[in-house]
Amino acid sequence: MKTFQRFSFFVAFLLQFLFNTYWTMEAKAPGDIIIGGIFPIHESVQEHDSNNSTAWSCNRLSIGRLSQSMIMVYAIEEVNRKRELQNITLGYHIVDSCGEVAAALENVQVFMRKTRDLNDPTLPPVLAVIGGYYSEISVSVTRQLNLDKIPEISYGSTSGLLSDKNKFPSFMRTVPEDDHQVQAIIQILKHYNWNWVGVLTTDGEYGRYAIERLQIHADKAGICLAFVCVLPESLKEQRIMHTISKAANKIIESKKVSVIISFAKQNHMMYILEEVLQKPGGRGKVWVASDNWSQSTNVLNTSRWKLEDVGTVIGVTLKSSDAANYTKFLRNLDPEKYKNNSFLTDFFDLSGTEESKKDQLINLTYPYGLFSIQLAVKAITQALKDVCVKNKCTPDSLKPSEFKDALRAAQFSMDGKTYSFDEYGDLNSGYDVIVWKNQGSSIDMKNIIGYYDIKNQKLTFNSHVRDLRQFVRGVTSRCSEHCRHGTRRRREDSQPVCCYQCVPCPANHFSNKTDSDDCYKCDNATQYSKEGSGECSLKKVVFLKWSDEYHIVLLSFAALGALLTLIVGIIFLAHWNTPMVRSSVGPISLLLLLSLFCTFGAIPFFGGNPSVWQCQARQVFFGLSFTLCVSCILVKSFKIIMAFEFDPVTQGTLEKLYKPYLIIPICMLGQVVICAVWLAIKPPKDTWENDIAVGERLKFCDESLLPAFGAMLAYIGLLAIICFCLAFKGRKLPGTYNEAKFITFAMLIYFISWVIFGPVYVNVTGQYLPAVEMVVILISAYGILFCHFFTKCYIILFKKEKNTKDSFNEVIRRFTMKDDKDWDGNMKKSICRSIPNDSIKIYHSSKRDFKASDNSSGILNPAMETLPTSDTRRGSAPSCPCGRPLIETNQAYDGPITVTPHPSHPRPNHLLIGPRRAPSLRNGRFVWLVYGRFLSLLVSELAGSRAQRHEEEERKEEARKRGTSKQKREEEKRRQRLCN
């Protein structure tokens, strides 16, 4: 440490010899405790020849910096005047840094203890130093002062490097570090969307640190530095001017760069503006000035250039204070009292009146300096109070290290606010934002329009200033134009981040902010967007709405079908006892009508806004109702087959199986099981399909368990196939009683519609998918309704003559008189089993001569009726010994027709056509007159001999022709086959 101290003194003396700087350039005032001050009262040094050697001297007096030194004088005098330290007085010793590190190190030697002891041992020590202004000067000076543990309080050095207490333990400042200033500048750029800017700076600690922090924060904010020009601190003017010329040309040539950020020193900015404004391309820019020159009046030659030529100057400056008291101090300033202030003496010795000189000092006072310098004096005063006044110490006994610790811990007030140094020795007071404006022949650099709060990191404009656009005049500084909403920025690999192309967002993506880097995906479930959209729109929910014209048509058909079903039911009930209703098995028909009504009623469940209960109810309701419908048709088909089945064995089996009110529940039970399993395992539910069309989402019923849905339809189809087979077998039976043709046709309609439904249902998508099933259900229901009931209703209402007993008997008689090929079937076989073989031959021979009598008639009531006894060509029909005719007819309402021996006594020739049970007048059955005179003639032929002789002759003739008994046996077998 001692070696370094001796080296520092050697350097100081060497610099003094080289630069030929005079020790008389200083300002002094006596006191118990001396406070040092270092200010850039001269802004540069000048090289000149002296005694055949190169020498340097300070030049370019800065009136503003001189005023800053007087602020320190004013603040110290106020402390002494108010006796804040009681009997302790403060003195000062101010030197000039000349804006150069070498000059500052030379002049600061007077603050060192050994130097003062060498010059005058009686001088009190310098307890603290206020200054310097430039960061690179403070970096060097504080290291020098730290050798004697002298704390330095800067009023303008803002480099963040000085916050490192390991390197600069004695340094403190009453201004924030540059990182906060850079953040304030970034917020200004972001406020006006300037992202393509140029940067100027002076090569030094301040400039390098500012550029480093600017680059970091600019990258975060998406701001690009189009160019960075570093101006050297070289003392050689030729080199400075060469670099300034290059920087000016860069500014002029960058057409897209309209905003320049400058951290340069005042003298550099003076040359830059002079060079730039000489060409039109350099005018009308926006200059963002750091605290280095934002309030420096000598950077612009107002005698040659106007503010309009420069453009707009937005400055970031340190916090300011009320200047009223200081202005009063300058007005009352007596130069004669400050003969020890060589800077002030030289200034007043210049040409001009004393008042004009005072005006210059007042007008060129930096407001931020007034705040920061006074605050530094107050910090020193408060530390002295804490150490000496409270602890009763003397200035001689005060140790520098003790005072430094007290200074770091001091809390001091100004303008009603309390301040203190943080752990880094900084005081975060904030920044003011100013804009230069014309004020007569001069420029107002105190026009504060906003402030930056360091704690909240927020830039706020004053209430009377709505916006800076009136100052910037719509200036844009961008590499690329803004990407509007609905587009995103796309950059090439070689391009800076601020240079890009605007690309539209693809479909179903959006960007809702300017200059978005990404397009954000819409929620495809509920939203969509077209290409180049700035927002997502809600998808239109589609389903088969009640107001849809197709839905209205289908509902109209369903309502019409339900209405027709009710009308048919009313007609059947009104004509309940007529032959047509009775032959249709009235109770089953009503049950069939009820199922059709429910089927039509299921149609509305397939439309509208789907819900869970609706999705579960519609298929179950349709499945059960249509299963009931097909089950009723199955029972009716079964009855038709039984009624006209003449094979006794088959007929007996069918009669045992025919239990209509048991068959229907059994058929329904199968469908109930299928639906119950479906609802229990995975019931239908309402769900969404999001990709049916652009801007639409479909709400539909998902059957969930397709095998269960298929099983439900397959079960109905199985019952329909059984109905179809039974009906097809009985399609040639008598028309009045035969519904087989209509059942067959209805089932064909059902099969065709549902076969078409399968592939259509699988391939069709969208809101009209339920309409496909609705159409198929309507076709099936209407087919059954038309085929089963409309013909009957037509006969009941408009053909009443056919809805009589005589008309029904006539149909039966015609059915019995069909040609031979019709009698080769089951009816002939049944008769052959009941009548002897010989009688069959007679029947064949006489069938041609038989005609049903027009006078024969039957009785259509539940009573037994004898056949008519009118004469025929063959004679009258004989009667049984029991007193009743040999041939009787009886037909139960729900029983099959058979030809059997009379149940009252088993005589071979006494036949009963009808049920096997005995006829009864109480059973309410339907009596048919079937064969009439045809069977009377058959009995007469059986009693006569002509038929027997004819048969013998035929047999002999046949024996002669064939000649063998084998032929007879074959004939006999053929006869047997005929009967069987």
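**Helix 24.** I started with helix 24, residues 740-763, in this predicted model. Its 24 residues reach 35 Å from first C-alpha to last, close to the 34 Å expected at 1.5 Å a residue (the expected span being 1.5 Å times one less than the number of residues). Helices here are DSSP runs of H or I with at least four residues, strands are E runs of at least two, and both are numbered from the N terminus.

Next I looked for a bend, and found a kink of about 30° at F757, shortly before the proline P759. The bend is the angle between axes fitted to the seven residues ending at a residue and the seven starting there.

F757 is also on the helix's buried list, which includes A740, M747, W754 and Y761. Buried means under 20% relative accessible area, with exposed over 50% and partly exposed in between (1.4 Å probe, protein chains only).

**S625.** Is S625 buried or exposed? I noted 6% relative accessibility, so S625 counts as buried. S625 sits in helix 20, residues 612-643. Leaving out residues up to four places away in sequence, S625 touches S595, C598 and T599, a contact being heavy atoms within 4.5 Å.

**Whole chain.** I then zoomed out: the protein chain has 31 helices and 33 strands. Of its 980 residues, 53% are buried. Among contacts with a separation of 6 or more, 71% join residues 24 or more positions apart.

**Housekeeping.** Residues are numbered from 1 along each chain as its sequence is written, and side-chain values use heavy atoms, leaving out hydrogens and water. Local features need pLDDT of at least 70 and side-chain atom pairs count only at pLDDT 80 or more, while totals for chains, interfaces and linings use all residues.
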